[in-house]
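Hello,

Here is the structure I promised to pass on to you. Have a look at it first, and then read my notes below.

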Protein chains: 2
Amino acid sequence: MNPLYLQVKKRITESLAEGLWNPGQSIPSEVELAQSFSVSQGTVRKAIDELAAENILIRRQGKGTFVASHDEEGSQLRFLRLTSTQNNKENLDNHLVSFTKEKATNKIAKSLGVNIGTTVVSIKRVLTFNQKPLILDFIKVPASSFRKLTSEMIVEKKGAMYRMYETEFGIQMLRAQEKIRAVAADADTSELLGVKKNTPVLSVERISLTYSDKPIEWRLGLCLTENHHYASELD
Amino acid sequence: MNPLYLQVKKRITESLAEGLWNPGQSIPSEVELAQSFSVSQGTVRKAIDELAAENILIRRQGKGTFVASHDEEGSQLRFLRLTSTQNNKENLDNHLVSFTKEKATNKIAKSLGVNIGTTVVSIKRVLTFNQKPLILDFIKVPASSFRKLTSEMIVEKKGAMYRMYETEFGIQMLRAQEKIRAVAADADTSELLGVKKNTPVLSVERISLTYSDKPIEWRLGLCLTENHHYASELD
DNA sequence: GAGTGGTCTAGACCACGGC
DNA sequence: CCGTGGTCTAGACCACTCA
């Protein structure tokens, strides 16, 4: 039999996935949860500890425990690892290049866990920092999960995709896996990023996951790393 | 005043840094530590929990708590994030290109926390996977910390640097920070890696740290990413 | 069976936030 | 002041390892 605290963690996670408690809001207090699960407070604590370590819950002493949200000050760029090498403050801007629907290729279908040929929304955009192009993004999400998604919404939301997924579609991006390579910019890429053809660019391929490790988004970012770098901590 | 468990953690960390307990060996049991610190077992537990989460200690149920070591099965490549995209098993080999001593430049000095002009050991090597060149590494360490380091040792140890730092010099690599970019291979790099000049390569710049976040090694890896990628988990 | 880490409990008290 | 999460304790029992 599983340890009790893992069962509690599972039940809390299920409630979160069901949307019983909304992002940014508080969940019941530890004592309340302990009572409703008929366990001690320490056991609930250990369950919440793990969820907090996974950035799914956020503890605030004296206030309560909250559901993590992308719709908050300072948590928008949680998954952007690219930072300025000079450490300046920068203004990020989003420029939509194209917004289409298409059929999932074999690769995209596998990444998103859908069948080949399933309709996906395909977004192409350029992110600029201080007016200069920095990242060319290709984003693909299953159309079925994002029925009312329009190009206007993306522009209006200023490209804060995960925030939009959360507030507009009730889909919470929890974690992601990235594969990073160095590639040469093709003609299209070089033009959009304003560099010469074959300039080396950082290729960052991302699969974003929600509860139960369900994929919700595939993304490919092509980044200029003349004045920026991808930061990674190892331990 | 700091929480008790953080004081305990600090004292345990100090003992580790002093080399009181050696890598791969077990530290005293939780009850013993609790007695010697005059705290409850739960408090020691919380301190060890954090050190285990940082991969500094390793718990083994029924056996004890051990000091993490690079000199163990399966922990040699703990910090190598580059993996085959095809997921094959691969044989890693180490080819020393050059081994010299030189004066630290401004940049290296800053990275290693030493004065400009301090003598550093400079290692240049090529890592091959399945006989093919994959990574060109530039490694620089302060000569003062590695007095008896010779090129023969590196060859003999098959390039397992962190293992060698630990077993031969008593220096434990605990964590690292990496900055990743895409750059074009210069003439020298392209020749050593067996690719055309200006091929895009992944530039991975690493600073390795030991206790108290003291830098022990600066490293630049230039990696081919035709059939490999750098894997990164975000949460 | 003895010794280790792992789980669980119950209760006390502390630190912080907000009414 | 009360309710929240954070710390600390003491003790019971479980699960695993090894002699």
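This is a predicted model: local features need pLDDT of at least 70, side-chain atom pairs count only at pLDDT 80 or more; totals for chains, interfaces and linings use all residues.

Helix α2 of chain B covers residues 30–37, and its buried residues are Glu30(B), Leu33(B), Ala34(B) and Phe37(B). Viewed down the axis of α2(B), these buried residues stay within an arc of 100°, so they line one face of the helix. What do the buried residues of α2(B) pack against? Their partners are α1, β1 (26–27), α3 and β2 (57–60), which belong to chain B. After α2(B) comes Ser38(B), which has a positive phi, near 55°.

Of the atoms of DNA strand D that come within 4 Å of the protein, 82% belong to sugar and phosphate.

- Arg59(A) has a polar side-chain atom 2.6 Å from a phosphate oxygen of DNA strand D.
- In Arg45(A), an N or O atom of the side chain is 2.9 Å from a phosphate oxygen of DNA strand D.
- Gln61(B) places a polar side-chain atom 3.1 Å from a base nitrogen of DNA strand D.

Which elements give two or more residues to the surface near DNA strand D? From chain A they are β2 (57–60) and β3 (64–67), and from chain B they are α1 (4–18) and α3 (41–53). By type, the residues of this surface are four nonpolar, nine polar and six charged.

Last, the cysteines. How many disulfides does the structure hold? Over all chains, the number is zero. A disulfide is a covalent bond between the sulfur atoms of two cysteines. The sulfur of Cys223(A) has its closest cysteine sulfur in Cys223(B), but at 17 Å the two are too far apart for a bond. Seen from Cys223(B), the closest cysteine sulfur is that of Cys223(A), again 17 Å away and too far for a bond. Are these cysteines buried or exposed? Cys223(A) counts as buried because its relative accessibility is 5%, and Cys223(B) counts as buried at 5% as well.

Enjoy exploring, and write back with any questions.

Best wishes

Key: Residues are numbered from 1 along each chain as its sequence is written. Chains are lettered from A and ligands numbered from 1 in the order in which they are written. Side-chain values use heavy atoms; hydrogens and water are left out. A residue is near a molecule or strand if one of its heavy atoms lies within 4 Å of it. A polar contact is a pair of N or O atoms within 3.5 Å; within protein, one must be able to donate a hydrogen and the other to accept it, and residues adjacent in sequence count only if both atoms are side-chain atoms. Helices (H or I, at least four residues) and strands (E, at least two) are DSSP runs, numbered from the N terminus. Ala, Val, Leu, Ile, Met, Phe, Trp, Tyr, Cys and Pro count as nonpolar, Asp, Glu, Lys and Arg as charged, and the others, Gly among them, as polar. Buried means under 20% relative accessible area, exposed over 50%, partly exposed in between (1.4 Å probe, protein chains only). The arc is that of the directions from the helix axis to the C-beta atoms. Contact means heavy atoms within 4.5 Å. A disulfide is a pair of cysteine sulfur atoms within 2.5 Å.
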